[in-house]
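Here's a quick briefing to read with the model open beside you.

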Amino acid sequence: MNLETYRNFVKIIDAGTISAAARELCIAQPALSHQLKTLEAAYGTALVKRSARHISLTSAGHILYERAKRMCLMEQAAQEEIHACIAGYPSFRPDALVA
C-alpha cells in the first residue's frame, strides 16, 4: 500500500460514499472501489459495510481509519516542517526523535 491509498480510504469514509469520494478526488468510481477492495484483501477482512446510500466502518475499518488519518497528518506535518526548513525557519529537531 502507498500513502495515496490510505488518503483515499479516509476520503471515502469522510465523504460517506465511494461515488462522492470519487467526485471529490477526481477519480473514476470503479478505480476507487478497486482500491478499497485491494485494501480489504491486503488486510484479509471487510473494512466497510456497504449499503445503497452509505458506507460505514467495521471494527477493523475503524482501526484502519484512525491509523490512516494519523499517517495523513504525519505526512502533512513533514511537508510543513520541510517547507519551513527550506524557508529558513527550522522547526524540526532530530534530537527530539530520540527517546
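L3 counts as partly exposed, because its relative accessibility is 26% (buried means under 20% relative accessible area, exposed over 50%, and partly exposed in between, with a 1.4 Å probe and protein chains only). This is a predicted model, so local features need pLDDT of at least 70 and side-chain atom pairs count only at pLDDT 80 or more, while totals for chains, interfaces and linings use all residues. Residues are numbered from 1 along each chain as its sequence is written, and side-chain values use heavy atoms, with hydrogens and water left out.

**More on L3**
- L3 sits in helix α1 (helices are DSSP runs of H or I with at least four residues, strands are runs of E with at least two, and both are numbered from the N terminus).
- Setting aside neighbours within four places in sequence, L3 is in contact with M71 and E75 (contact means heavy atoms within 4.5 Å).
- L3 and E75 are 72 residues apart in sequence, yet their C-alpha atoms are 8.7 Å apart in space.

**The chain overall**
- You'll find four helices and two strands here, and along the sequence they follow the pattern α-α-α-β-β-α.
- Of the chain's 99 residues, 26% count as buried.
- Take the contacts between residues at least 6 apart in sequence: 45% of them join residues at least 24 apart.

**The nonpolar core**
- The largest nonpolar core has 17 residues, and F9, I12, I13 and V48 touch the most other members (such a core is a set of buried Ala, Val, Leu, Ile, Met, Phe, Trp, Tyr and Cys residues joined through side-chain atoms within 4.5 Å).
- At least two residues of this core come from each of α1 (3–15), α2 (18–25), α3 (29–43) and α4 (59–86).
- The biggest giver is α1, with five residues.
- In soluble globular proteins, nonpolar side chains tend to be buried together.
- Not counting residues up to four places away in sequence, I13 touches V48, I55, L57 and Y65.

**How the helices pack**
- Two packed helices are described by the angle between their axes and the distance between the axes.
- α1 and α4 pack at about 120°, with axes 9 Å apart (axes are lines fitted to C-alpha atoms, for helices over the stretch in contact, and angles run from 0 to 180 degrees between N-to-C directions).
- That makes α1 and α4 oblique to each other (angles under 35 degrees count as roughly parallel, over 145 as roughly antiparallel, 65 to 115 as roughly perpendicular, and the rest as oblique).
- α1 passes α4 in a left-handed crossing (left-handed if the near helix is turned anticlockwise from the far one by less than a right angle, right-handed if clockwise).
- On the α1 side, L3, Y6, R7, F9, V10, I13 and D14 meet G61, L64, Y65, A68, K69, M71, C72 and E75 in α4.
- By class, the residues of the α1 contact with α4 are ten nonpolar, one polar and four charged (Ala, Val, Leu, Ile, Met, Phe, Trp, Tyr, Cys and Pro count as nonpolar, Asp, Glu, Lys and Arg as charged, and the others, Gly among them, as polar).
- α1 and α2 also pack at about 120°, with axes 8 Å apart, and are therefore oblique to each other.
- α1 passes α2 in a right-handed crossing, where N8, K11, I12 and A15 in α1 meet I18, A20, A21, E24 and L25 in α2.
- The contact of α1 with α2 has six nonpolar, one polar and two charged residues.
- The axes of α2 and α3 come within 9 Å and cross at roughly 115°, so α2 and α3 are roughly perpendicular to each other.
- α2 passes α3 in a right-handed crossing, with I18, S19, A21, A22 and L25 in α2 meeting Q29, L32, S33 and L36 in α3.
- The residues of the α2 contact with α3 divide into six nonpolar, three polar and no charged.

**Two residues to look at**
- C26 lies in the loop between α2 and α3 and is exposed, with a relative accessible area of 71%.
- Most residues other than glycine have a negative phi.
- C26 has a positive phi of about 60° although it is not a glycine.
- Is E40 buried or exposed? E40, in helix α3, counts as buried at 11% relative accessibility.
- Not counting residues up to four places away in sequence, E40 touches T45, A46, L47, V48 and R50.
- E40 and G61 are 21 residues apart along the chain, and their C-alpha atoms are separated by 9.0 Å.
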